[in-house]
Amino acid sequence: MRVDLNADLGESWQRWRTGEDVLLLDVVTSANVCCGAYAGDAELMAQTCATAVERGVTIGAQVGYPDRAGFGRVFVDMAPADLTDEVVRQVHALDEAARAVGGEVTYVKPHGALYNAIVHHEAQAEAVVEALRVLDRPLPLLGLPTSRALALAAAAGLPVVREGFADRAYTTDGRLVPRSEPGAVLHDPAEAGAQALRLLGTVDSLCVHSDSPGALHLARAVRRALDEAGAVVAAP
């Protein structure tokens, strides 16, 4: 089976300077690069893209609410037109940074509260899909298989990528357990590897969060589990 392995990157200068984010780029096949709205900045975007290109890692735009105080993990009731414009702006900003170092944005993944909102919030799901519609080329949308936004994107003829999480707990209806609840984030590398194998074949891409404690160990455990299972780990 073929599956992509992605991680959220470009969110923290601290993680970049310790080298953990750089080492993650040796493990994953796709990098969801923060576009500077909820964290990061233009220089970190540029460095992350350059290193991803050097390592042959696919670049995706990690778009989110323009909410640095809440790290994009607090719902923002934006007007649909404003949300569409914000997503387009973020994708363009990252694509410019990527092209400057020989790469390009090849998919879009919403972050945090926006990711969870468009699972069920009709207006915001429509706004994100509209942003994809007005871009200069059709970019795939990453999201939960049950996401309303993925259904709308597919109906509009846009490519979609079904995503699963190796390091997050799920509710019985296939959504992510809120981070405010105990056990929402998986910290045991063996547990994350086992969950990745359970999801294999049901999703197109697997995510490991770079800001989880021990993220590098988790990502390596997941990659090792996939390799040992005979999965082809490659970008979509």
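**Notebook: salt bridges and core**

I started with a charged pair: Arg15 and Glu11 join their side chains in a salt bridge, 3.2 Å from N to O. A reminder to myself: this is a predicted model.

Are these two partners buried or exposed? Arg15 has 14% relative accessibility, so I put it down as buried. Glu11 comes out at 7%, so that residue is buried as well.

I then searched the whole structure for salt bridges and got 17.

**Entry 1: a pair in helix α4**

Next I looked up Asp95, which makes a salt bridge with Arg99; their closest N and O atoms are 2.8 Å apart. Asp95 has a relative accessible area of 9%, under the 20% cut-off, so I call it buried. Arg99, at 46%, falls between the cut-offs of 20% and 50%, so I noted it as partly exposed.

**Entry 2: Asp173 and Arg175**

I checked one more bridge, where the side chains of Asp173 and Arg175 meet at 3.9 Å, N to O. Here Asp173 is partly exposed, with 46% relative accessible area. Arg175 is partly exposed too, at 35%.

**Entry 3: the nonpolar core**

Then I turned to the nonpolar side chains. The largest nonpolar core holds 66 residues, and Val91, Leu94 and Leu226 have the most contacts inside it. Helix α4, residues 80–100, supplies the largest share of this core, with seven residues. I also found a second, separate core of six residues; among them are Val119, Leu144, Phe165 and Cys207. In soluble globular proteins, nonpolar side chains tend to be buried together.

I listed the contacts of Leu94, leaving out residues up to four places away in sequence: Val33, Cys35, Met45, Cys49, Ile59, Gly60, Ala61 and Val105.

With a relative accessible area of 0%, Ala61 is buried. How far apart are Ala61 and Val105 in sequence and in space? They are 44 residues apart along the chain, yet their C-alpha atoms lie 6.3 Å apart. Beyond four places in sequence, Ala61 touches Val105 and Leu94, and also Val33, Cys35, Val91, Tyr107, Val108 and Lys109.

How values were computed
Residues are numbered from 1 along each chain as its sequence is written. This is a predicted model: local features need pLDDT of at least 70, side-chain atom pairs count only at pLDDT 80 or more; totals for chains, interfaces and linings use all residues. Side-chain values use heavy atoms; hydrogens and water are left out. A nonpolar core is a set of buried Ala, Val, Leu, Ile, Met, Phe, Trp, Tyr and Cys residues joined through side-chain atoms within 4.5 Å. Buried means under 20% relative accessible area, exposed over 50%, partly exposed in between (1.4 Å probe, protein chains only). Helices (H or I, at least four residues) and strands (E, at least two) are DSSP runs, numbered from the N terminus. Contact means heavy atoms within 4.5 Å. A salt bridge is a side-chain nitrogen of Lys or Arg within 4 Å of a carboxyl oxygen of Asp or Glu.
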